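Here is a short briefing on one protein chain. Please look over the sequence and the fold before reading on.

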Amino acid sequence: MARAHHLQRLSIAFTDGWHPDCDGNEAASVSDGRRGHVWLGSDWFGPDETIHLPVVVEHELGHILRRDNQRSTVLQAAGMLLMVLATAWLPLTVAVLTTVALRLLYIGWAWHSELACDTRAVRACGRLPVIFLWRRSTELLRTLPWPARLWHGLRSAPTHPPFRLRIWWAQRITAPAAPAPHPLAVLPEAPGGNPAPRCVS
């Protein structure tokens, strides 16, 4: 997978400790030159969740190839500098409006980045697996108490679009009707309970 995308190395690890809430359903990625690393919460390796691994990995690979972590750092630093300058040189009302506008622009970029990576996942894995993942996430969110749902929405909104928007997006972007099987796809079981063999040519 790394060679196919001209990466020197692509490493994947699963852990919950990197996230302050120890959320096993989280995923993240970082790139450094031609090297990339993906963190996956341990829940993705559960018996009911491994089916989503191709979509999650392709989405995070999209962030690595787009160098989104570097872009985010530059955009946030530039935004902070502009906010400081606006506060120092502009009237208070104009400074507040400028700060709000800069924040909204960053949120728009972050949402665009997530949808772009969703596009990559759709084209690599197919439309239905991506829609299934976000519908599954929506169902899991509904099982939480409303304070937890509110907290999740407030925490994720600055960087991630809502699940409904992601489903809508996945339904409308151009995608192959029958993409090739993904290397991480869960194989159907053959008669006797064993995984069906993968043909290698």
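Predicted model: local features only at pLDDT ≥ 70, side-chain atom pairs only at ≥ 80, totals over all residues.

The structure holds 7 salt bridges. Glu114, Asp118 and Arg166 form a network of such bridges.

- Beyond its neighbours within four places in sequence, Leu40 is in contact with Ile12, Ala13, Phe14, Thr15, Glu26, Ala27, Phe45, Leu53, Val56 and Val57.

**Nonpolar surface patch**

- Leu81, Leu82, Leu85, Trp89, Leu90 and Val94 make a nonpolar surface patch of about 610 Å².
- Helix 2 (residues 68-89) supplies the largest share of the patch, 4 residues.
- Leu85 lies in helix 2.
- Leu85 counts as partly exposed because its relative accessible area is 40%, between the limits of 20% and 50%.

**Salt bridges around Arg166**

- Arg166 and Glu114 meet through their side chains in a salt bridge (3.3 Å, N to O).
- This pair links distant parts of the chain: Arg166 is in helix 6 and Glu114 is in helix 3, 52 residues apart.
- The side chain of Arg166 also meets that of Asp118 in a salt bridge (2.9 Å, N to O).
- Arg166 is buried, at 3% relative accessible area.
- Glu114 is buried, at 8%.
- Asp118 is buried as well.

**Salt bridge Asp68–Arg66**

- The side chains of Asp68 and Arg66 meet in a salt bridge (3.0 Å, N to O).
- Asp68 is buried, at 5% relative accessibility, whereas Arg66 is partly exposed, at 21%.

**Ser29**

- Ser29 is found in strand 2 (residues 27-32).
- Ser29 counts as buried because its relative accessibility is 17%, and buried means under 20%.
- A polar contact of 2.8 Å joins the Ser29 side chain to that of Glu60.
- Leaving out residues up to four places away in sequence, Ser29 touches His37, Val38, Trp39, Glu60, His63 and Ile64.

Terms used: Residues numbered from 1 in each chain as written. Heavy atoms only, no water. Contact = heavy atoms within 4.5 Å. Patch = residues over 30% accessible without salt bridge, like charges linked within 9 Å, V, L, I, M, F, W, Y side chains within 5 Å. Areas by Shrake-Rupley, 256 points an atom, 1.4 Å probe, with all protein chains shown as cover. Salt bridge = Lys/Arg side-chain N within 4 Å of Asp/Glu carboxyl O. Helix = DSSP H or I, 4+ residues; strand = E, 2+ residues; numbered from the N terminus. Buried < 20%, exposed > 50% of the residue type's maximum accessible area, 1.4 Å probe, protein only. Polar contact = N/O pair within 3.5 Å; in protein donor to acceptor, adjacent residues only side chain to side chain.
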